Amino acid sequence: MTDTRPTTPAGTPGPDHRARHAAGPAVAVLRGGTGEHVEAVIATLLEAGVRAIELTTNTPGWREGTAWAAQQHGAAVSVGVGTVLEPGQVDEAADLGATFAVSPHLDPAIGARAHERGLGWYPGAATPTEIVHAWRLGARAVKVFPAAQLGGPAFLRQILAPLDFVDVVPTGGIGVDDAADYLDAGAVAFGLGSPLVGDALTTGDLVALRSRAERLVAGLAR
């Protein structure tokens, strides 16, 4: 895949990243648990206003949850599959009705298959070289991972100063109350796992989940 997207010339205003991104700005990352509460967790997140859900391939019931979300909620949710480690999992995601695929790493073969199947591709990257390489390979947006450990919003601002033509989705270590800081730093969206989901996938505690999700959505509206 050859990149044909223009970069931003020096001295000109940066692109409006958020206007180009359909899934987000908050992407709830569902990982782990027993598989028993997947559907209830997804429904609770949607009711609280979180519209993008990523089910990882090491989550029990991820296949059933992906298909259920796509069939039951349709355009009301952007549902994706995360921890995609090889192209065959892209095929599974597409067949289940997912609209995007997320990886912790950068693998051009996964990107090629995602493009063939019409899925958005969100590969993980940490350095400027990796981020630009992923973008040139056709990533819908680049998953900057692990975001908090790399330096948080301050790191993102530094990276996007010369790379403001790249759409980035920081993920990893982001909290409910500091998520908006990543958007202010230039992210198009962000991914939240355990700080948002907590133990809901294991215990089914939907009350606490709803409270966190509503706090997240309210914080983004300010």
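This is a predicted model: local features need pLDDT of at least 70, side-chain atom pairs count only at pLDDT 80 or more; totals for chains, interfaces and linings use all residues.
Residues are numbered from 1 along each chain as its sequence is written, and side-chain values use heavy atoms, with hydrogens and water left out.

Let us start with the sheet. Six strands form an open sheet in the order S5-S4-S3-S2-S1-S8, with parallel pairing. Strands here are DSSP runs of E with at least two residues, helices are runs of H or I with at least four, and both are numbered from the N terminus; two strands pair if DSSP finds at least two bridges between them. At the edges lie S5 (120-122) and S8 (190-192), each pairing on one side only. From one strand to the next, the twist averages 25 degrees. Within the sheet, S1 (residues 26-30) and S2 (residues 52-56) are joined in parallel over four bridges, and valine 27 has alanine 52 in S2 as its bridge partner.

In helix H8 (residues 152-160), Gly152, Pro153, Phe155, Leu156, Ile159 and Leu160 are buried. Seen down the axis of H8, these buried residues fall within an arc of 155 degrees, so they line one face of the helix; the arc is that of the directions from the helix axis to the C-beta atoms. The buried residues of H8 pack against H6 (128-136), S7 (143-144), H7 (147-150) and H9 (179-184), where contact means heavy atoms within 4.5 Å.

One of those neighbours, H6, has its own buried residues: Ile131, Val132, Ala134 and Trp135. They cover an arc of only 160 degrees around the axis, which puts them on the same side of H6. The face turned away from that buried side carries the exposed residues Thr129 and Arg136. Just after H6, glycine 138 takes a positive phi of about 105 degrees.Back to the pocket: on a 1 Å grid over the protein atoms alone, it is an open set of points with protein on both sides within 12 Å along at least five of seven lines, its volume being the space filled by probe spheres set on the points. H10 gives the most, with three residues.

Definitions and conventions
Buried means under 20% relative accessible area, exposed over 50%, partly exposed in between (1.4 Å probe, protein chains only). Axes are lines fitted to C-alpha atoms, for helices over the stretch in contact, and angles run from 0 to 180 degrees between N-to-C directions.
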